[in-house]
Amino acid sequence: MVNGAVQKTAENGLESAIARALAGRSVVLVGMMGAGKSSIGRRLAARLGIPFVDADTEIESAAGMTIPEIFEKHGEPYFRAGEARVIARLLDGKPSVLATGGGAVMDANTRDLIAAKGISVWLNADVDVLVKRTKRRTDRPLVEKIKELMPLREPFYAQSKIVVHSRDEPHDTIVNEIMGALATHLRIPAAKEQTP
Ligand code: S3P
């Protein structure tokens, strides 16, 4: 019980230390569809006590259409232009955990904005895991192209400040790894060295 309480205090200390050290920047999750950006991002945001924002959801509400409808009615270039605008707007706002769509990093301006206003985290998952997780999805027009797109995108994902291996482990395990990597990246001392 006492140990549990000490552990909790240490965790809360780390969480608020990370949130402070972000200093107005967002944590930006990048990676292929199926990497777990939304589910991991939501939990990470709750741990850090900052909002979670999903760029795909924001694009859909700005357009008043679903992603498949946008692709079908206007085509992919139109979707990409909207995606770049929405991400720029979100990065201009309050710090958050921002889940980006799988193709967002292919836009050079988006990459520059992420580097300037965020700390990028690549959720890197094996292609077989991505295919397995997404095969029944009907809301992702490019789902059949995962194997083809992955090698084209990897060099850009790999420019991220933090890389975490997203795999079939409990979400909390992955979130803990991101927290640890953020603490290292932000040079936050280990819990026992922190002042309460
Ligand atoms: C896309 C990924 C999707 C969505 C759109 C295009 C892609 O987002 O933005 O269907 O090009 O990989 P998620 O990665 O969040 O599924």
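Tutor: Ala23 is found in the loop between helix H1 (2-21) and strand E1 (26-30). Helices (H or I, at least four residues) and strands (E, at least two) are DSSP runs, numbered from the N terminus. The model is predicted, so local features need pLDDT of at least 70 and side-chain atom pairs count only at pLDDT 80 or more, while totals for chains, interfaces and linings use all residues. Residues are numbered from 1 along each chain as its sequence is written, and side-chain values use heavy atoms, with hydrogens and water left out.

Now the angle. Ala23 is not a glycine, yet its phi is positive, about 45°. Most residues other than glycine have a negative phi. Ala23 is also exposed, with a relative accessible area of 62%. The classes are buried (under 20% relative accessible area), exposed (over 50%) and partly exposed (in between), with a 1.4 Å probe and protein chains only.

Go back to strand E1 (26-30), at the end of the Ala23 loop. Ser26 and Val27 are both touched by Ser96. Contact means heavy atoms within 4.5 Å. Ser96 sits in the loop between helix H5 (76-92) and strand E3 (97-99). It is buried, at 4% relative accessibility. Ser96 also touches Ile50, Pro51 and Val53, with residues up to four places away in sequence not counted.

Follow the contact to Pro51. Pro51 lies in the loop between helix H2 (37-48) and strand E2 (52-54). Its relative accessible area of 47% makes Pro51 partly exposed. Pro51 and Ser96 are 45 residues apart in sequence, but 4.9 Å apart in space, C-alpha to C-alpha. Beyond four places in sequence, Pro51 touches Ala45, Pro95, Ser96 and Val97.

One more loop joins two helices. Glu144 is placed between helix H7 (127-134) and helix H8 (146-157). Glu144 is exposed, with a relative accessible area of 73%. Its C-alpha atom is 8.5 Å from that of Val131, 13 residues apart along the chain.

Next, the rings. A search of the whole structure finds 2 aromatic pairs. One of them is Phe71 with Phe79: a tilted pair, 5.0 Å centre to centre, with 40° between the planes. Rings of Phe, Tyr and Trp (its six-membered ring) pair if their centres lie within 6.5 Å; planes under 30 degrees apart count as stacked, over 60 as edge-to-face, the rest as tilted. Phe71 and Phe79 are both buried.

Finally, the whole chain. The protein has 9 helices and 5 strands. Along the sequence they run α-β-α-β-α-α-α-β-α-β-α-α-β-α. The radius of gyration is 17 Å, close to the 16 Å that the globule rule gives for 196 residues, so the protein is as compact as a globular protein of that length. That radius is taken over C-alpha atoms, and the rule is 2.2 Å times the number of residues to the power 0.38. The C-alpha trace spans about 60 × 35 × 30 Å along its principal axes.

Of the 196 residues, 42% count as buried. Among contacts with a separation of 6 or more, 76% come from residues 24 or more positions apart.
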